[in-house]
Amino acid sequence: MHLDSKKAKNYLFFSFIFIIALSIVSNIIGFKHLKSVQNDINKIIETQNTQISYMHEMRSLSRERLIKLQAISDEIDAFKQDEIISEFHELGSLFLETRELLMATDLTKEEKNLLIIQREVAKDIVASQYQVIKLAGSGKNKEASYFLKNDTIPKQNENISLMDQFILYQNHQYQFLKTEAQKKNDSAFQTVIIISILALLLTIIIAIIIIKKISALFDLQTESIALHKGTETHLKKTQLLIENKIKHCQQELQKANSALTHDSSHDPLTHLPNRRLFYELLNQEINRANRNHYMLAVLYMNLDDMHTINNLVGEKLGDAFIVNIAKRLKNSLRKDDLLAHLGDDEFALCYSNVKSIEDIVLLCEILINKIKQPMHLDQQCQTSICIGVSIYPDHGHDHDSLMKKANNAMRQVKKEGKNNFSITE
């Protein structure tokens with residue numbers, strides 16, 4: 001009886017060690033799998049955001065080069081013309097550098113094909129651009145303007161259209177990859193559940209064997225009953241522990257998914273919608289305005305002299321300055337107005353259900369007065385804002401045309417002295 005009792009104790013001891021080891025291993029495997037899936041999701045989102053950002057930068061540089069060409073064809077002073085040409089070449093260098101950075105990312109075959117087509121179109125555009133510069137440099141400004149309008153601009157629009165196709169393809173890819181990532185998340189969660197259930201089943205099987213062994217050795221004696229109750233209590237605790245672990249993993253996964261969704265669509269500094277989310281919401285608002293037959297205004301806003309403020313107070317306080325500017329803008333708007341931080345010193349606003357042009361004028365004046373009020377950081381800082389306005393449906397029927405015209409109007413304000421607004425004609 002003594003030997004049997006000793007065997008039973010040894011059997012019980014090693015069984016509990018095995019249960020604990022099994023629980024630990026199952027949890028480690030589950031957490032590693034979830035972490036691996038999470039890293040894959042982060043990598044996908046980072047790559048997609050980087051590629052879209054590079055293409056937006058290329059698109060912006062193409063527009064700026066077109067503006068420089070227009071300035072070259074309009075300028076009659078040779079020295080000023082040379083200065084603009086130099087700026088034009090610098091923008092070209094930036095365009096090529098950005099394109100190389102984009103090519104260095106992990107591109108699909110379709111994306112590479114789009115970039116190859118864009119590069120071939122760009123070759124024709126470069127030849128056309130240099131023809132404009134050549135004509136302008138020879139004093140043939142009218143011929144240069146005519147050639148720019150009838151040859152260079154159409155080709156440039158084709159090039160921008162290819163960039164838009166790339167961005168659209170990226171957005172479709174993002175949605176597809178997001179769906180695949182969600183499937184991996186679901187699969188990882190199911191794997192953790194399966195591992196936990198298997199561990200629980202094995203634990204129960206082992207527990208049953210232990211109970212039978214003890215019952216057979218001690219024949220329902222008091223010691224056997226007490227040991228049985230202890231084993232049963234341990235099993236319940238183990239089961240509760242596993243259930244709590246599963247619940248905790250599920251909660252952590254939901255939090256991670258929510259954080260990823262928010263981070264990919266919002267500016268990390270101001271927590272306002274970023275450019276991509278703003279375009280999506282703006283398209284929705286345009287569709288709503290079309291159905292309900294009302295106007296909406298798109299405001300493209302750029303802060304003046306932010307470089308000077310950053311040099312004055314430093315990058316950290318410069319970021320605080322931008323955050324306070326965002327709060328001023330937000331507090332000046334209606335609850336349902338859509339405000340976005342496009343990056344650095346640029347903001348965009350969708351002002352929906354506009355009753356009259358006077359409402360837009362009043363809004364612009366309010367925003368200008370709000371922004372120019374001094375702000376106290378380590379020292380007093382002050383800036384102003386340039387606002388360009390386009391109106392749906394008068395100036396366009398999609399987010400791209402409305403944003404482009406609003407941006408052009410804003411740039412015109414900057415040229416004419418800043419701290420003002422302009423509505424696209």
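Guide: Gladly! Let us start with a pair of strands: β1 and β6 are joined by 8 bridges and run antiparallel. Keep in mind that this is a predicted model.

Visitor: What makes β1 and β6 count as paired?

Guide: Two strands pair if there are at least two bridges between them. β1 and β6 have 8 bridges, so they pair under that cut-off. One of those bridges links L296 to its partner Y392 in β6.

Visitor: How do you know that β6 and β7 pair, and in which sense do they run?

Guide: They share 3 bridges, and at least two are needed, so they count as paired. β6 (residues 385-392) and β7 run parallel, and V389 has I423 as its bridge partner in β7.

Visitor: What is the order of the strands in the sheet?

Guide: The open sheet has 5 strands in the order β2-β3-β1-β6-β7, and its pairing is mixed.

Visitor: Why are β2 and β7 said to stand at the edges?

Guide: β2 (338-343) and β7 (421-423) each have a single partner strand, so one side of each has no neighbour in the sheet. From one strand to the next, the twist averages 20°.

Visitor: Which helices pack on the sheet?

Guide: Helix α9 (residues 357-371) touches β1 (295-303), β3 (346-354), β6 and β7, with its direction at about 160° to that of β6. Helix α10 (residues 399-415) touches β1, β2, β3, β6 and β7, and its direction makes about 145° with that of β6.

Visitor: Why is β6 called largely enclosed?

Guide: Buried means under 20% relative accessible area. In β6, 8 of the 8 residues are buried, so the strand is largely enclosed by the rest of the structure. I385, I387, V389 and I391 point one way, C386, G388, S390 and Y392 point the other way, and all are buried. In a regular strand, side chains alternate between the two faces of the sheet.

Visitor: Why is T152 called buried?

Guide: The cut-off is under 20%, and T152 has 0% relative accessibility, so it counts as buried. T152 lies in helix α4 (residues 141-218). Leaving aside neighbours within four places in sequence, T152 contacts L66, L69, S128, Q129, V132 and F147.

Visitor: What makes the link between T152 and S128 a polar contact?

Guide: A polar contact needs N or O atoms within 3.5 Å. The side chains of T152 and S128 are joined at 2.5 Å, so the distance meets that cut-off.

Visitor: How many helices and strands does the chain have?

Guide: The chain has 10 helices and 7 strands, and 41% of its 425 residues count as buried.

Technical notes:
Residues numbered from 1 in each chain as written. Predicted model: local features only at pLDDT ≥ 70, side-chain atom pairs only at ≥ 80, totals over all residues. Heavy atoms only, no water. Helix = DSSP H or I, 4+ residues; strand = E, 2+ residues; numbered from the N terminus. Axes fitted to C-alpha atoms, helices over the stretch in contact; angles between N-to-C directions. Contact = heavy atoms within 4.5 Å. Buried < 20%, exposed > 50% of the residue type's maximum accessible area, 1.4 Å probe, protein only. Polar contact = N/O pair within 3.5 Å; in protein donor to acceptor, adjacent residues only side chain to side chain.
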